[in-house]
Amino acid sequence: MRTSELARRSGLSVDTIRFYEKKGLIDSELIRRQTNNYRDYSEASLERLMLIKQAKRLGFTLGEIQAWIRDFESKQLTIDEKQSILSRKLEQIDERIEELKTMKTYLVAKIEDLQR
């Protein structure tokens, strides 16, 4: 699929897709060049972008995502190491959820104060 279709299907901009490609988040094996030099992205490219998009939403940085993809796909990590990485991130997400709950409680109290 061409870049514009990939953008439409992933919900990301063409510029973002190209940025991720330049950063190495979309491997060159996932992209073929057509005779007219257009990029032809595979379904795996779309899956990768959806993974990146979801990981970013969950708080992973692009650096973490890049390292994660590299390490997970190169088979350098053991199952235990992969589980450890993901468990640590889950702990960070849980901490963030608690921080957001605290902020929400604070804001609700402020709104109630303003309504008095």
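This is a predicted model: local features need pLDDT of at least 70, side-chain atom pairs count only at pLDDT 80 or more; totals for chains, interfaces and linings use all residues.
Me: How are α1 and α2 oriented to each other: roughly parallel, roughly perpendicular or roughly antiparallel?
Reply: The axes of helix α1 (residues 3-10) and helix α2 (residues 14-22) come within 9 Å and cross at roughly 105 degrees. Angles of 65 to 115 degrees count as roughly perpendicular. The orientation of α1 to α2 is therefore roughly perpendicular.

Me: Which residues of α2 does α1 meet?
Reply: On the side of α1, the contact is made by T3, S4, L6, A7 and S10. By class, the residues of the contact of α1 with α2 are four nonpolar, three polar and one charged. The partners in α2 are V14, I17 and R18.

Me: Which term describes the orientation of α3 and α4?
Reply: Helix α3 (residues 43-57) packs with α4 at an angle of about 135 degrees, and their axes are 10 Å apart. An angle over 145 degrees would count as roughly antiparallel, and 65 to 115 degrees as roughly perpendicular. The two helices are therefore oblique.

Me: Is the crossing of α3 and α4 left-handed or right-handed?
Reply: In this contact, α3 contributes R48, L51, I52, A55 and K56, while α4 contributes L62, I65, W68, I69 and E73. By class, the contact has seven nonpolar, no polar and three charged residues. The handedness of the crossing of α3 and α4 is right-handed.

Me: Why is α4 described as roughly antiparallel to α5?
Reply: The axes of α4 and α5 come within 11 Å. Angles over 145 degrees count as roughly antiparallel. The description therefore follows from the angle at which the axes of α4 and α5 cross, roughly 160 degrees.

Me: Which residues of α5 meet α4?
Reply: The helix α4 passes α5 in a left-handed crossing. From α4, the residues in this contact are E64, W68 and F72. The contact of α4 with α5 comprises four nonpolar, one polar and three charged residues. The residues on the α5 side are K82, I85, L86, K89 and Q92.

Me: Which element gives the most to the lining of the largest pocket?
Reply: The lining consists of F60, E64, A67, W68, D71, F72, L77, I85, R88, K89 and Q92. Two elements each give two or more residues to this lining, namely α4 (62-74) and α5 (79-114). With five residues, the element that gives the most is α4.

Me: How much space lies in the largest pocket?
Reply: The residues that line the largest pocket include W68 and F72, as well as I85 and K89. By class, the lining has six nonpolar, one polar and four charged residues. The space in the largest pocket is about 170 Å³.

Key:
Residues are numbered from 1 along each chain as its sequence is written. Side-chain values use heavy atoms; hydrogens and water are left out. On a 1 Å grid over the protein atoms alone, a cavity is a set of points where a 1.4 Å probe fits but cannot get out, and a pocket is an open set with protein on both sides within 12 Å along at least five of seven lines; lining residues have an atom within 4 Å of a point. Grid points are joined across faces, edges and corners, and a volume is the space filled by probe spheres set on the points. Helices (H or I, at least four residues) and strands (E, at least two) are DSSP runs, numbered from the N terminus. Ala, Val, Leu, Ile, Met, Phe, Trp, Tyr, Cys and Pro count as nonpolar, Asp, Glu, Lys and Arg as charged, and the others, Gly among them, as polar. Axes are lines fitted to C-alpha atoms, for helices over the stretch in contact, and angles run from 0 to 180 degrees between N-to-C directions. Angles under 35 degrees count as roughly parallel, over 145 as roughly antiparallel, 65 to 115 as roughly perpendicular and the rest as oblique. A crossing is left-handed if the near helix is turned anticlockwise from the far one by less than a right angle, and right-handed if clockwise. Contact means heavy atoms within 4.5 Å.
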